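Let's take a walk through this one together. Have the sequence and the fold open side by side, and we'll go from one spot to the next.

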Amino acid sequence: MKPIFLYGSLRDRGLLEVVLGRPLGPACILPARAEGFVALRHARADYPLLWPAPGAAAEGTLFRPAGPAERARLEFYESAEYELAGIEVLTASGLVAADYFRPREGAPASAEPWDLAAWQAEHAALVIEAARELMEHHGRLPPGALHRHWPAMLTRARARVLAAQGGAVAGDALRTGFSAARDVEWLERRPAWTGYLAVEEHRLRHRRHDGGWTQPLARTTVSWGDAVTILPYDPRRDRVLMIEQFRPGPAARGDPTPWCIEVIAGRIDADGNSEATARREAMEEAGLTIGRIIRLPGYYPTPGLASEYLAAFVGEADLAGEGGLHGLAAEGEDIRTIVLPLDAALDALESGGVNTGPAMIPLLWLARHRERLRAAWA
């Protein structure tokens, strides 16, 4: 089997093992370099393109696939941006004929050399987690269709990485102390559908509160990444800003009035953070610049089905106006903003006019902390 010269992110052992679907021994990879080439950073993304450059030399590794199946897995992973082509590389034993992933025609390179260490520090954990999802579909779905969903996979990967770091759940005295590592046994996990969101079928069992274990349970989960909400509050006028927009969920349920009173919300991209996303969404959905900001406890709005975790904020805003129409036309948004006294918003919550959980939670939080916040901000 002809070896493959790896000069980009697949030089990261963790990523290569995920793509191959097996651990690698120490002798599987040999240092090598391609003389007369340089690895340049893609003009619009942080991955490399191997470009001819007389007098230069691109460092990399030489990997020999165990068979056609492993070669196919590598091609599947790289097929969106690269195609295999022949190259000669220099190793400690001399020149070796190999293949490499040549950039597809038209790929734009910058003048900046690509740096593996910088990529590993900034992107490796996220890309490795997204690659797990991508490779689950090898042999099931065509690579072209899957690679179109790579940004969504990165968004879901971001949520999983943060959850694994303990950012999504904080322990408290009410919990039993059960953990996923000790007290959940995954019997089967099968991806059922992927796209903007991912649907998975599970068979699992978990520890019971009496100390025993449940019988095997069939469960379905839906994942699309994490999100933020922000409730703009004017402490000088004691006013809040709510929004009204059409929602397909209530419409699909048969609700005759599927326009919901909500708070500003948005999805956190793979390279985003929650506070920056909240500030951006406030500008896009309401034309507001947020001043001081407070993060509320995060939560899972639909834990029985969805993995979505919400970071909630209350943000300082000047709400002298009376609202208006906003939203990004490119995303089909049609948003009406409503500026009203906090007491009126709380009355609407109690009467059922506010009927979405992500709007209720910050309103109730603000009702409890209103005087403290007015004193601090006003």
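Where does Ala-43 lie? You'll find Ala-43 in a loop, the one between strand S2 (29-42) and strand S3 (48-63). Keep in mind as you look that this is a predicted model.

Now look at what sits across from it. The C-alpha atoms of Ala-43 and Pro-108 are 5.5 Å apart in space, although 65 residues separate the two in sequence. Leaving aside residues up to four places away in sequence, Ala-43 touches Pro-108, and it also touches Ala-109 and Ser-110.

Let's zoom out for a moment. The protein chain has 378 residues, and 44% of them are buried. Its secondary structure comes to 10 helices and 17 strands. Draw a box along the principal axes, and the C-alpha atoms fill roughly 80 × 55 × 40 Å. Among contacts with a separation of 6 or more, 64% are between residues 24 or more positions apart. As for the surface, the protein chain exposes about 19400 Å², with carbon and sulfur atoms supplying 55% of that area. Charges come next: there are 42 positive and 49 negative side chains, and the centres of these two sets lie 5 Å apart.

Now for the rings. How many aromatic pairs does a search of the whole structure find? It turns up eight. One of them is the stacked pair of Phe-5 and Tyr-7, with 6.3 Å from centre to centre and 25° between the planes. That angle is under the 30 degrees used as the limit for stacking, so the pair gets the stacked label. Phe-5 has a relative accessible area of 0%, so it is buried, and Tyr-7 is buried too, at 5%.

Tyr-7 has a further ring partner in Tyr-100: this pair is tilted, with centres 6.4 Å apart and planes at 55°. Why does this pair tie together parts that are 93 residues apart in sequence? Because Tyr-7 lies in the loop between strand S1 (4-6) and helix H1 (13-20), while Tyr-100 is in strand S5 (residues 94-103). Tyr-100 is buried as well, with a relative accessible area of 6%. Follow the ring pairs and you get a cluster that links Phe-5, Tyr-7, Phe-37 and Tyr-100.

Our last stop is another loop, this time between strand S10 (227-234) and strand S11 (239-246), where Asp-238 is found. Is Asp-238 buried or exposed? Its relative accessible area is 14%, so Asp-238 is buried. Which side chains does it meet there? The side chain of Asp-238 makes a polar contact of 2.6 Å with the side chain of Tyr-233, and another, at 3.2 Å, joins it to the side chain of Arg-370. Not counting residues up to four places away in sequence, Asp-238 touches Pro-341, Leu-342 and Arg-374 along with Tyr-233 and Arg-370.

Methods. Residues are numbered from 1 along each chain as its sequence is written. This is a predicted model: local features need pLDDT of at least 70, side-chain atom pairs count only at pLDDT 80 or more; totals for chains, interfaces and linings use all residues. Side-chain values use heavy atoms; hydrogens and water are left out. Helices (H or I, at least four residues) and strands (E, at least two) are DSSP runs, numbered from the N terminus. Buried means under 20% relative accessible area, exposed over 50%, partly exposed in between (1.4 Å probe, protein chains only). Contact means heavy atoms within 4.5 Å. Accessible areas come from the Shrake-Rupley method with a 1.4 Å probe; for residues, only the protein chains shown count as cover. Lys and Arg count as positive and Asp and Glu as negative; His and the chain ends are not counted. The place of a charge is taken as NZ of Lys, CZ of Arg, CG of Asp or CD of Glu. A polar contact is a pair of N or O atoms within 3.5 Å; within protein, one must be able to donate a hydrogen and the other to accept it, and residues adjacent in sequence count only if both atoms are side-chain atoms. Rings of Phe, Tyr and Trp (its six-membered ring) pair if their centres lie within 6.5 Å; planes under 30 degrees apart count as stacked, over 60 as edge-to-face and the rest as tilted.
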